Amino acid sequence: MASVRDIVVSAAINLLSALTFLLAFAFLRLQPINDRVYFPKWYQKGTRASPTASGGFLKNKFVNLNFKTYLKFWNWMPAALRMPEAELIDHAGLDSAVYVRIYLLGLKIFVPITILAFAVLVPVNWTGSTLDDIKDLTYSDIDKLSISNVPSGSLRLVAHVVMAYVVTLWTCYVLYKEYQIVTKKRLQFLASENRRPDQFTVLVRNVPSENDESVSENVEHFFCVNHPDHYLTHQVVYDANRLARMVGRKKILQNWLTYYETKFERNPKKRPRTKTGLWGMWGKSVDAIDYYSAQIKKINEYEAEEREKLMNDPEAIIPAAFVSFKSRWGAAVCAQTQQSSDQSLWLTEWAPEPRDVYWNNLATPFVELNVKRILASLAMFCLTFFFMIPIAFVQSLASLDGIIKVLPFLEPLMEQEAVMSVVQGFLPGIALKIFLALLPEIIASMSRIEGHASLSSLDRRSAEKYHFFLLVNVFFGSIITGAAFEQLHKFLNQAPSEIPRTVGVAIPMKATFFITYIMVDGWAGIAAEILRLVPLITYHFKNTFLVKTEYDREQAMDPGTVDFSTSEPQIQLYFLLGLVYSVVTPFILPFIIVFFAFSYLVFRHQIINVYDQKYESGAAFWPDVHRRVIIGLIISQLLLLGLLSTKSALQSTPLLLVLPVLTIAFDRFCKGRFESAFVKFPLQEAMKKDTEERATEPNLNLKAYLQDAYVHPVFKDIDMNRPAALDDEENSPLVETSSRKSSEESGSPGIIVDTVIDEIASYYI
């Protein structure tokens, strides 16, 4: 059980760590040699060049010798807040701008709640005397600030019931206003954004097989018949996963070859050597340059064979295609309607933007997808509940008795006060942080198995899984195992009628554990994010051994991105803790506010100067953010209801039961009011953009614009002939035949002339 002294020691350690990271960042970002590490986004936009010198008479392109700049090392903070949100959206995209609004949402919710809770609940809790009256109960002064210190059946509990209503109403109000703002920004963004291939394209999956037609011909026939006035072209999807793995492998080998060639150029007297085994550490010693040259030559041969197979094998084409239309309106109608009476065939959805496509999953058959999703759900269930074991171990570290029981030889060391404070105030949080660091990649692998067609949907699905894991294991697991470990002796030596009361008292006491976790993860962890130590080391390693040209130097930059799949669920944990403990133990709220404020500042800076978006979904994730805050709010209401039942306050039960009902009704209202804007594209807006585009660009050759938009990246990155099916699609007479037939039926020869002219123009443009 962490005391006030332990919390102070933990705060000092984490504040010192955060300050060290920030000072190191402030110094390193000023050095010209690190410019591409801390400002890669501006290099990618072409608005920043490598600094050549600094420091007046003492010019140096590696170290900043202008000492005046060191006096303003803090100026990155106001600079991060200075950019208006509209400019931020233009600069970084709507996804990034709305992501930082999640932190702003936390501040809007918890700052007023904190002020009110400290003004009302803290005095009410502190002046109680319950903890002093219970013998043999482990507690600290912080616990006296919680509801545990209020006597059972006391009228003081009315303040907590009223506060629960205030928290619920205020949270719902802020959520509604924020949902409204984000929805408006999304619609404005979609209406004002430039032309993109995904605006005209639909992803079609589970194309039925025909004996006398290829997949490409079947797709073309279907859409010429069912969308004759709007269908433009299509691109079939190839199972090029094996070729993509070869390309990735060849890039790795090429990097090693470049490394050893650079090493040999610097020391021509000695040719570098390597070993043929794992990681170059085991096996036969060979000449490194000759070895990697031979490996690249060998993989080139395999690549050529695979390329030939893709070009000529009809089985390489999978039953899916990207179908493009002549207008946004036509694409919207197709994407948002059912195409066949058989609901398992011709499944359509909006195509992701080209950089958002997750090509590996497009080759997965539809039936296999359902099986894999069931298996992924079972694996997630097992992971969640088996992980309770390490969580219980972490909770054992939250008390000295638990540590001594597990590691009895440390008992003399634990008797020292300084060690005791560090162990109880710092170790549990850092141990939980280490355990959680292993999870994101495991959860991402489970989500990839489910067959999502885009990186954005993959991230959202991973975030859903991670949020469930944090909810079950970190929150409920920490409370349940923590209460059981700490109060085990008392459970075994008291009347059964007293156990609910002990549990009710013990649950708020876990606030001290979560405070230590917040300081480790939310303070020091966020400060480490801005330092970018790993990308810094990686960049200088690549710049030293692999970079030969300016293009190589650009490729060596690792701007990173906002990892929505892990960062958003972690933010939701802070929302959950704030909502649960705002009425139970308000002392935790200032620590949460520091997290939201500091994170808002850091991530705004990173989005402006560092991160490069993997995709742009137009803030499609906001309904998930809203729903998870609602889930946290309902959990806080139910836990308060259970806690007050141990306080002889059964008369408050009807009042508290109203809150979850009102919250669920509010969520359903928001879903009906706003969610459709995040899953559908209004036909009115589509027609408006089409009309504007036809007026401003009457000669636009849309077919040429969309021609290679959804070709697999391996066909773009490699200097190779495109598969024959792609060329067949462009030369197919079906579209022209359909247009000609429609013209003949309508008896309008002018349409035939226009069609011929358009085709001739598209050929030469």
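Guide: Let us begin with exposure: buried means under 20% relative accessible area, exposed over 50%, and partly exposed in between, with a 1.4 Å probe and protein chains only. By that scale C382 is partly exposed, because its relative accessibility is 38%. This is a predicted model, in which local features need pLDDT of at least 70 and side-chain atom pairs count only at pLDDT 80 or more, while totals for chains, interfaces and linings use all residues. Residues are numbered from 1 along each chain as its sequence is written, and side-chain values use heavy atoms, with hydrogens and water left out.

Visitor: How many disulfides does the structure hold?
Guide: A disulfide is a covalent bond between the sulfur atoms of two cysteines; the criterion here is a pair of cysteine sulfur atoms within 2.5 Å. The structure holds zero disulfides. C172 is in none, and the nearest cysteine sulfur, that of C670, lies 7.7 Å away. C172 has a relative accessible area of 10% and is therefore buried.

Visitor: How is the packing of helix α6 and helix α8 described?
Guide: Two packed helices are described by the angle between their axes and the distance between the axes. Axes are lines fitted to C-alpha atoms, for helices over the stretch in contact, and angles run from 0 to 180 degrees between N-to-C directions. Helices (H or I, at least four residues) and strands (E, at least two) are DSSP runs, numbered from the N terminus. The axes of α6 (residues 94-126) and α8 (residues 157-192) come within 11 Å and cross at roughly 165°. The two helices are therefore roughly antiparallel, a term for angles over 145 degrees. Residues of this contact comprise 21 nonpolar, three polar and five charged. Here Ala, Val, Leu, Ile, Met, Phe, Trp, Tyr, Cys and Pro count as nonpolar, Asp, Glu, Lys and Arg as charged, and the others, Gly among them, as polar.

Visitor: In which order do the strands of the open sheet lie?
Guide: Strands of a sheet pair through backbone hydrogen bonds, either parallel or antiparallel; two strands count as paired if DSSP finds at least two bridges between them. The open sheet has four strands in the order β2-β5-β1-β6, with antiparallel pairing. At the edges stand β2 (231-238) and β6 (347-350), each with a single partner strand, so one side of each lacks a neighbour in the sheet. Neighbouring strands are turned by 25° against each other on average, direction ignored.

Visitor: Are β2 and β5 largely enclosed or open, and why?
Guide: Eight of the eight residues of β2 are buried, so β2 is largely enclosed by the rest of the structure.

Key: Parallel < 35°, antiparallel > 145°, perpendicular 65-115°, else oblique.
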